[in-house]
Amino acid sequence: MIDHIIREQAEQTKRSPESSILEVKHLSIYYGDKQAVKDVNMNIEKHAVTALIGPSGCGKSTFLRQINRMNDAIASARSEGEILYEGGLNILGEAINVVSLRREIGMVFQKPNPFPKSIYNNITHALKYAGERRKAVLDDAVEESLTKAALWDEVKDRLHSSALSLSGGQQQRLCIARTLAMKPAVLLLDEPASALDPISNARIETLLTELKKDYSIIIVTHNMQQALRVSDRTAFFLNGEVVEYGQTEQIFTSPKAQKTDDYINGKFG
Ligand code: ADP
């Protein structure tokens, strides 16, 4: 029922075989005259977790938000360069259907933001908006996405309770489930666990390593231990530039750039 216009367009322009889901080429992003992201070039791997690390204000969120065009809502924001999806479709192109793009590339924010509705209606909201009315389809979507988000067992007996009655960690997993219900291919997570207690944080981390089997994940984190635990690849951002990008283990054990070494060893940031 959900139309995946972007997926269909991407299929037509796809170069195969390709292990990257996104190819970022010469991406610069400006807020008015201020350049927040500077000529970033990165290939994002499929079915992997990519962590974006670096000090505050160095462009990580701006970069992340560009991937599903959230920066479109900011009047002063503009970009140069390309982000190719599945090796072909430029998602920064004028003709892109942004609603469809955000189904394909879903986003979860730092602070859990469930709708003030029941758990069930949080999951089905967008599906109903897209025209789905069949109860069996909606029921299946609720069970499937809550199961994938490791929340089903905790809430299956109270699906019609308010989402706001859940704990912070459960609310965040509900927000992940709500995004998964749209059947995305890519998940963008902007510090998804930083507002949570350590146990909820650990549950989200475990969840991410499960989810990467089915999704390609990009996570902004301030927590370097978290990047080390959950990610396969890490990009170190500094002043809008990607200083170093590579396998997480390599970045943390033998960084090539002195600035990366200084940052991961706590010399600044
Ligand atoms: P990070 O995620 O690494 O903390 P951000 O992407 O949030 O960094 O910010 C990068 C730079 O862009 C910062 O200097 C920040 O002040 C600026 N910035 C972020 N959002 C906006 C906005 N909506 N308008 C103007 N400047 C912004």
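## A tour around strand β9

Select Phe236, Tyr263 and Phe268 to begin: ring pairs link these three into a cluster. Rings of Phe, Tyr and Trp (its six-membered ring) pair if their centres lie within 6.5 Å; planes under 30 degrees apart count as stacked, over 60 as edge-to-face and the rest as tilted. By this rule the count comes to three aromatic pairs.

This is a predicted model, with residues numbered from 1 along each chain as its sequence is written. Local features need pLDDT of at least 70, side-chain atom pairs count only at pLDDT 80 or more, and totals for chains, interfaces and linings use all residues, while side-chain values use heavy atoms, with hydrogens and water left out.

**The ring pairs**

Go to Phe63 and Phe237. Their ring centres are 5.3 Å apart and their planes stand at 55 degrees, so this pair is tilted. Phe63 lies in helix α2 (residues 60-67) and Phe237 in strand β9 (residues 233-238), so the pair ties together parts 174 residues apart in sequence. Helices (H or I, at least four residues) and strands (E, at least two) are DSSP runs, numbered from the N terminus. Phe63 is buried, at 0% relative accessible area. Phe237 is also buried, at 0%. Buried means under 20% relative accessible area, exposed over 50%, partly exposed in between (1.4 Å probe, protein chains only).

Now pick Tyr263 and Phe268. This aromatic pair is tilted too, with 5.5 Å from centre to centre and 50 degrees between the planes. Tyr263 is buried at 4%, whereas Phe268 is partly exposed at 31%.

**Strand β9**

Select residues 233-238. Six of the six residues in β9 are buried. In a regular strand the side chains alternate between the two faces of the sheet. Here Arg233, Ala235 and Phe237 point one way, and Thr234, Phe236 and Leu238 the other.

Two strands pair if DSSP finds at least two bridges between them. Strand β3 (residues 49-53) runs parallel to β9, joined by four bridges. Look for Ala51, whose bridge partner in β9 is Thr234. Strand β10 (residues 241-247) pairs with β9 in the antiparallel sense over six bridges. There, Phe236 stands opposite Glu244. β9 and β10 form a hairpin with two residues between them. Stop at Asn239 in the turn, which has a positive phi of about 50 degrees.

**Charges over rings**

Show Arg78 with Tyr30. Arg78 lies over the ring face, at 4.1 Å from the centre. Then show Arg178 with Phe115: the charged end sits over the ring, 4.2 Å from its centre. A charge sits over a ring if NZ of Lys or CZ of Arg is within 6 Å of the ring centre and within 35 degrees of the ring normal.

**The ligand**

Finish at the ligand. Of the 13 residues around the ligand (a heavy atom within 4 Å), Lys34, Gly57, Lys60, Ser61 and Thr62 come nearest. β2 (34-45) and α2 each supply at least two residues of this shell. Which element gives the most to the shell? Select α2, with four residues.

Next, display the polar contacts (pairs of N or O atoms within 3.5 Å). A backbone N or O atom of Gly57 lies 2.7 Å from a ligand oxygen. For Cys58, a backbone N or O atom lies 3.0 Å from a ligand oxygen. At Tyr31, an N or O atom in the side chain is 3.4 Å from a ligand nitrogen. Taken alone, the ligand exposes 560 Å², and the protein buries 66% of that. Accessible areas come from the Shrake-Rupley method with a 1.4 Å probe.

Definitions and conventions:
Polar contact = N/O pair within 3.5 Å; in protein donor to acceptor, adjacent residues only side chain to side chain.
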